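This report covers a helix pair, a residue in one of its helices, and a group of aromatic side chains. The sequence and structure come before the details.

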Amino acid sequence: MKRIGIFERDEFRCVYCGEQFPAEELTLDHVQPRVRGGDRSEGNLVTACKACNTLKGHRRLSEFLHDNPVARGIFFRDARHVWPRLLRDLEDELIALRERQSDAG
């Protein structure tokens, strides 16, 4: 699926802030980064506004969502087209981050 197709699928809505944007203000984000085995399939790509993608930076998605509960809620509400296995992996990573944080606290 082409870039504009992903934007259309996601209704030009950022999966992190929930706002709608014109296409020129949007980017694609990989749920599982390519350097960690992710691909360019439609189930691994989501629409993100440039501001949220910049805020996320190079952090793992689980780290970004762990640190940003509002974005976490919006992501799990709006990222309906992400492969279920990737969502399960993400949820597992979030649980592990919470456990590490509670052990350290």
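Leu-86 is part of helix 5. The model is a predicted one. With a relative accessible area of 4%, Leu-86 is buried, because the cut-off for that class is under 20%.

Setting aside neighbours within four places in sequence, the contacts of Leu-86 are Val-31, Gln-32, Gly-43 and Asn-44. Between Leu-86 and Phe-76 there are ten residues of sequence separation and a C-alpha to C-alpha distance of 12 Å.

## Packing of helix 4 on helix 5

Helix 4 spans residues 69–78 and helix 5 spans residues 84–104. The two pack at an angle of about 160°, and their axes are 12 Å apart. Helix 4 is therefore roughly antiparallel to helix 5, since angles over 145 degrees fall in that class. The crossing of helix 4 and helix 5 is left-handed.

On the side of helix 4, the contact is made by Arg-72, Phe-75 and Phe-76. Helix 5 contributes Leu-87, Leu-90, Glu-91 and Leu-94. By class, the residues in the contact of helix 4 with helix 5 are five nonpolar, no polar and two charged.

## Aromatic pairs

The count of aromatic pairs comes to four. One of them joins Tyr-16 and Phe-75, whose ring centres are 6.1 Å apart and whose planes are at 10°, so this pair is stacked. Planes under 30 degrees apart count as stacked. Tyr-16 sits in the loop between helix 1 (3–9) and strand 1 (26–30), while Phe-75 belongs to helix 4, so the pair ties together parts that are 59 residues apart in sequence.

Tyr-16 is buried, at 2% relative accessibility. Phe-75 is also buried, at 0% relative accessibility. A further aromatic pair, Phe-75 with Phe-76, is edge-to-face, with 5.4 Å centre to centre and 90° between the planes. Phe-76 is partly exposed, at a relative accessible area of 32%, because that class lies between the 20% and 50% limits.

## The aromatic cluster

Which residues form the aromatic cluster? Tyr-16, Phe-64, Phe-75 and Phe-76 form one cluster. Among these, Phe-75 and Phe-76 also take part in the contact of helix 4 with helix 5. Phe-75 is thus described here by its stacked pair with Tyr-16, its edge-to-face pair with Phe-76 and its place in the helix contact.

Terms used: Residues numbered from 1 in each chain as written. Predicted model: local features only at pLDDT ≥ 70, side-chain atom pairs only at ≥ 80, totals over all residues. Heavy atoms only, no water. Axes fitted to C-alpha atoms, helices over the stretch in contact; angles between N-to-C directions. Helix = DSSP H or I, 4+ residues; strand = E, 2+ residues; numbered from the N terminus. Parallel < 35°, antiparallel > 145°, perpendicular 65-115°, else oblique. Left-handed = near helix turned anticlockwise from the far one by under 90°. Contact = heavy atoms within 4.5 Å. Nonpolar A, V, L, I, M, F, W, Y, C, P; charged D, E, K, R; others polar. Buried < 20%, exposed > 50% of the residue type's maximum accessible area, 1.4 Å probe, protein only. Phe/Tyr/Trp six-rings, centres within 6.5 Å; stacked < 30°, edge-to-face > 60°.
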